[in-house]
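Thank you all for making time this morning.

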Amino acid sequence: MERVLVVDDEKDCRYALADALRAKGFNAEIAENGREALAVLESQPSTYGLVYSDMRMPELGGIELVENLAGLDPTIVAVLLTGQADPRSPVAAMRAGAFDFLSKPFTMSELEISLARATERRHMLVRHENDRAGLRNLLDTSEAEKKRLVTRHEEERQKIFVSSIRAHARSIEAKDSYTAAHCDRVERYAEIIARHHGGFDENWIFNLKVGAILHDIGKIGIRSSILCKPGALDALEYDEIRAHPVIGGRIVRSLGGLNLEPIVRHHHEHFDGTGYPWGLKGDAIPLESRIVLIADTFDAMTSDRPYRRCMNTDLALAELENHAGAQFDPYMVRVALDAAPQLDAARLEHSENGKREYFSSSF
């Protein structure tokens, strides 16, 4: 079981978290601030797999601690914690290199989910480092072995990147239980539509899938009371919701060297120009955004909500067809209709798997 370092300047918090980790079988140790934690990690850099640290601490905060981890051991996985209700905190954690983010107080279920995913990422990073070591010995291997190692290294690199972006996307879904696994489903539906269309290379499809996973990341800046409101939003609340594509576009700007900002920023534009945030029309809307909008809407209609039951695939596709040319790109709606069997199979698979697939690492 992984060795975990718990870092928090509040005594009760660090001891409670350490006890909870030990109860789950982890070897948990404590440090009372970032400076003490950094000293421990510098003296034993390869003995800790996970670090759970508070963000705001005297002397050295969690952000600064995380920024130092990569130079000590790139396989250490960091999760940052905060009790401050600041929507900028998850963004700061992400940019510092943290894998995940938890808001205090968190439930035992949220901690268990975080631990499972952090441990999975730790194992992936260790494999990645082992592959890198193998790559350094390529001069002594055959050409076939070189190709195999390079291919595996690239696959692991992509898995690590996708694992990271899923963590950030799910920081939004954790605010609203009814949207659990939403990003996974939108990614899957968008890929089905793109592959059924044909003619796109794998790099384009990879970019589309990452954009689909992160399409709602801007909701990190929206109050939970609005995201989870059961009734209609008032004008001010609706304006706040409409800001999330722009916020999201800024967050993903230059992420991983991919061109994600246009996909995220324009995934609520309508084909007839009545969407937001810019009111783009027709082909002026990025094709990826048009596909994500169809996938997003299909998922919304085929998922249960507190105020209505879900539609089946045929009814949802009929609704897309009714709004083709207005809300949706009519040509891509036709592609989606032609891909009905694949979409229905994917919908049923997600429905059967439920939350068991919420933290799947497959891509």
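Let me begin with Tyr189, which counts as buried because its relative accessibility is 1%, under the 20% cut-off. Please keep in mind throughout that what you see is a predicted model. Phe298 counts as buried as well, with a relative accessibility of 2%. A search of the whole structure finds 2 aromatic pairs, and in one of them the rings of Tyr189 and Phe298 have centres 4.9 Å apart and planes at 90°, so that pair is edge-to-face. Tyr189 belongs to helix α7, residues 182-197, while Phe298 belongs to helix α13, and the pair therefore ties together parts of the chain that are 109 residues apart in sequence. The rings of Phe200 and Trp204 also form a pair, but there the centres are 4.0 Å apart and the planes lie at 10°, so this pair is stacked.

An aromatic ring of another kind of arrangement is that of Tyr48, over which the charged end of Arg3 sits, at 4.4 Å from the ring centre.

Turning now to a helix, which residues of α11 are buried? In this helix, which covers residues 244-252, they are His244, Pro245, Gly248, Gly249, Ile251 and Val252. If you look down the axis of α11, these buried residues fall within an arc of 160°, so they line one face of the helix.

Next I come to Asn312, in the loop between α13 and α14, the latter spanning residues 313-322. With a relative accessible area of 38%, Asn312 is partly exposed, because that value falls between the cut-offs of 20% and 50%. Leaving aside residues up to four places away in sequence, Asn312 touches Thr302 and Arg347. The C-alpha atoms of Asn312 and Arg347 are separated by 9.1 Å, and the two residues are 35 residues apart along the chain. A polar atom of the Asn312 side chain also lies 2.8 Å from the backbone nitrogen of Leu315.

The bond from Lys104 to Pro105 is cis, with omega near -10°, and Pro105 is found in the loop that runs between β5, residues 100-103, and α5, residues 108-136. The bond from Tyr276 to Pro277 is likewise cis, here with omega near 10°, and Pro277 has its place in the loop between α12, residues 261-265, and α13, residues 287-301.

Let me finish with the chain as a whole, which has 16 helices and 5 strands. Of its 363 residues, 51% are buried, and the accessible surface comes to about 17000 Å², of which 51% belongs to carbon and sulfur atoms. Among contacts between residues at least 6 apart in sequence, 66% join residues at least 24 apart. The Tyr189 and Phe298 pair, with which I began, ties together parts that are 109 residues apart in sequence.

Note on methods. Residues numbered from 1 in each chain as written. Predicted model: local features only at pLDDT ≥ 70, side-chain atom pairs only at ≥ 80, totals over all residues. Heavy atoms only, no water. Helix = DSSP H or I, 4+ residues; strand = E, 2+ residues; numbered from the N terminus. Buried < 20%, exposed > 50% of the residue type's maximum accessible area, 1.4 Å probe, protein only. Arc of directions from axis to C-beta. Phe/Tyr/Trp six-rings, centres within 6.5 Å; stacked < 30°, edge-to-face > 60°. Lys NZ or Arg CZ within 6 Å of the ring centre and 35° of its normal. Contact = heavy atoms within 4.5 Å. Polar contact = N/O pair within 3.5 Å; in protein donor to acceptor, adjacent residues only side chain to side chain. Areas by Shrake-Rupley, 256 points an atom, 1.4 Å probe, with all protein chains shown as cover.
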